[in-house]
Amino acid sequence: MSALQIDISWSFSLEVTAIQAYRTMDNKQNRNSITSNLGHIARRCLFGILSMGPIPDHIAFIMDGNRRYSKKYNMDEGAGHKSGFIALTTMLRYCYELEVKYITVYAFSIDNFKRRPEEVNFLMELMREKIEGLIEEDSIINQYGVRVHFAGDLKLLDESVRLAAEKAMAASACNSKAVLSICIAYTSTNEIMNAVQQSCEENWDELRILDSCGAAYGLTDYSGNGDTKDRKSIVVTDIEKHMYMKVAPNPDIVVRTSGENRMSNFLLWQSAYSILYSPSVLWPEIGLRHLVWAVLNFQRNEFFVQKKKKQH
Amino acid sequence: MSIWQKFMLMIMAIIPRWIISMPFFQNLIKKQEQVHRKAFENMVLGQSLFQLNDTTTGDDKPLPKGLQRELMPGHIAVILDGSRRWAKKRGLIPIEGYQAGVTTLGAFLSLCRGWNIPIVSLFLFSSENWGRPKEEIDYLLELFEGSLKHYLLRYCNKFGARISVIGDTSAFPNSLQKAMKQIEEDTKDFTQLHLILAMGYSGQSDIVHACQNIAMKVKDGILQPEDITKSLFEEQLQTNVTNVQSPDLLIRTSGEIRISNYYLWQSAYTELYFSDALWPDFGEAEFAKALRSFQQRGRRYGKI
């Protein structure tokens with residue numbers, strides 16, 4: 001690289017660190033500065049206008065593009081993930097100001113365990129640190145009364161991360177204004193299979209108990225609900241009540257950054273009718289305008305859906 | 001249409017509704033429907049839909065510029081959306097949109113065969129489509145039946161394509177169900193192309209049925225709950241008619257950006273492509289654009 005190129009990349013990374021610093025400042029220390037207050041008021045006006053139409057109940061985010069971001073600005077890979085976390089807190093803030101009740105984020109997939117061990121360890125450490133940060137007094141969770149829920153096969157995580165997650169869930173259990181579902185060690189296929197396994201085990205146990213007192217032959221129904229239908233097959237409700245994501249309704253919008261257009265095993269069952277939005281921006285660069293655009297798309301779609309419902 | 005028929009159409013367009021309900025006019029309307037039906041039968045049986053000339057016998061066609069043969073998808077799924085909007089844009093009735101859709105489908109399938117795409121899944125009729133007006137559904141089902149009995153059968157014989165029908169077909173008329181079984185039987189030995197028609201299909205029902213099958217196996221003691229694996233689950237899905245159950249590329253026309261309860265489990269790692277063109281306008285250029293977009297994507301499956 002020539003000297004000129006080195007200068008440019010250095011100044012780019014300076015600029016980038018300046019943007020990141022501003023974002024963290026906005027979140028923590030400088031909350032009372034004039035610019036951040038003005039920005040807050042402008043945002044509230046904008047959200048007030050948006051709220052004249054339907055606001056989505058549940059938005060899901062696939063946070064893709066952190067590593068490409070760090071490559072783009074010649075940063076360490078870890079710095080890309082950290083910028084991603086800052087972007088996440090900013091987006092959460094915007095969504096809670098817009099009064100979106102349920103938000104789901106795809107933090108770590110079961111497939112991601114197959115990445116390089118250094119990267120996986122770094123991510124686990126980062127997640128543990130940030131989850132512990134959520135429990136603090138001035139975190140965004142407590143500011144907006146958000147209940148945190150960790151969806152996924154938590155047994156696959158390191159002990160420290162799992163404990164931090166359980167602590168965070170317990171600490172925020174009494175919050176009720178909004179729900180944040182963080183998908184860690186999650187894939188949708190794993191979720192469905194786990195739901196089937198648990199439904200089978202539940203039904204199997206029930207059947208064994210009925211069997212042991214002679215009631216499984218249909219002569220007497222001790223289960224008490226008078227349901228004479230075939231109790232041995234499972235139905236949709238059985239599966240849905242064992243899903244990790246049972247705390248939230250189906251997502252209205254699924255946002256995937258970095259321009260990739262695929263679900264990557266995220267909320268396959270739940271997103272059957274969701275609008276998919278794939279801005280080409282990388283996750284750490286996502287901003288208010290993308291959220292506004294996604295909500296406007298949702299409102300336009302809702303208009304047609306309501307119109308169709310009235311026609312039929 | 002003859003001049004007399006056009007004249008009758010004009011008269012019926014300007015007469016108010018309460019007169020039309022009189023028996024005399026009802027007879028005229030029935031006659032019109034018979035004319036439509038005759039035209040439809042001619043279309044399905046006739047050669048006008050068959051856009052290929054006899055020189056193309058299913059040999060490889062040259063790929064358009066910019067496409068590489070090694071990167072072609074092995075399984076493409078298509079949601080054929082937008083036929084009614086296409087007809088509405090042109091001031092036609094929805095039924096004519098569907099007819100145009102069938103023409104486009106023929107061209108699309110011959111492109112797939114020419115470019116050696118082994119498996120193609122088509123989302124023809126969803127479980128949600130039952131909410132459409134009755135006449136439209138009846139017409140659509142007749143169109144399917146006619147296509148299955150004549151047009152698609154001819155296509156399969158010519159190109160060596162095998163057809164499988166998936167979905168909940170119990171709500172369809174018996175004649176259509178018989179036609180589906182018949183074409184599956186007639187084409188089961190062909191190997192050049194595998195066509196999967198999703199009719200009355202719902203991704204969520206597919207998963208639920210697979211769950212129920214597995215639960216029955218657990219109940220009968222054949223399987224333990226902890227032995228349920230992904231491949232075992234996939235064997236129970238309706239797409240077990242093929243080895244490559246997951247599509248590489250899912251194309252949805254007409255600009256709607258959702259999956260609408262099509263392949264859910266199967267499309268976990270599928271590249272999605274949303275085209276703004278309505279289905280009857282989805283020609284070779286649009287298809288090549290979709291394939292070009294697919295070939296430029298980096299598929300990492302979360303691992304790299």
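How many salt bridges does the rule find across the interface of chain A and chain B? The count comes to 3 salt bridges. Keep in mind that what you're looking at is a predicted model.

**Size of the contact**
- Chain A puts 36 residues into the contact, while chain B puts in 43 residues.
- Together, chain A and chain B bury an area of about 3,700 Å² between them.
- Carbon and sulfur atoms give 60% of that buried area.

**Charged and polar pairs**
- One salt bridge joins the side chains of Glu260(A) and Arg300(B), at 3.7 Å from N to O.
- Polar contacts turn up as well: 18 residue pairs across the interface of chain A and chain B, with both residues at pLDDT 80 or more.

**The chain A side**
- Four elements of chain A each give two or more residues to the side that touches chain B: helix H3 (66-72), helix H8 (188-212), helix H9 (236-241) and strand E6 (275-277).
- H8(A) gives the most here, with 9 residues.
- Sort the residues on this side of chain A by type and you get 17 nonpolar, 9 polar and 10 charged.

**Domains of chain A**
- According to the domain assignment, chain A has domain 1 (11-52) and domain 2, which is made up of two segments (58-189 + 242-311).
- Taken over C-alpha atoms, the centres of domain 1 and domain 2 of chain A are 20 Å apart.

Conventions
Residues are numbered from 1 along each chain as its sequence is written. Chains are lettered from A and ligands numbered from 1 in the order in which they are written. This is a predicted model: local features need pLDDT of at least 70, side-chain atom pairs count only at pLDDT 80 or more; totals for chains, interfaces and linings use all residues. Side-chain values use heavy atoms; hydrogens and water are left out. Contact means heavy atoms within 4.5 Å. Buried area is the accessible area (1.4 Å probe) that two parts lose on being put together, summed over both. A salt bridge is a side-chain nitrogen of Lys or Arg within 4 Å of a carboxyl oxygen of Asp or Glu. A polar contact is a pair of N or O atoms within 3.5 Å; within protein, one must be able to donate a hydrogen and the other to accept it, and residues adjacent in sequence count only if both atoms are side-chain atoms. Ala, Val, Leu, Ile, Met, Phe, Trp, Tyr, Cys and Pro count as nonpolar, Asp, Glu, Lys and Arg as charged, and the others, Gly among them, as polar. Domain bounds come from an automatic or database domain assignment.
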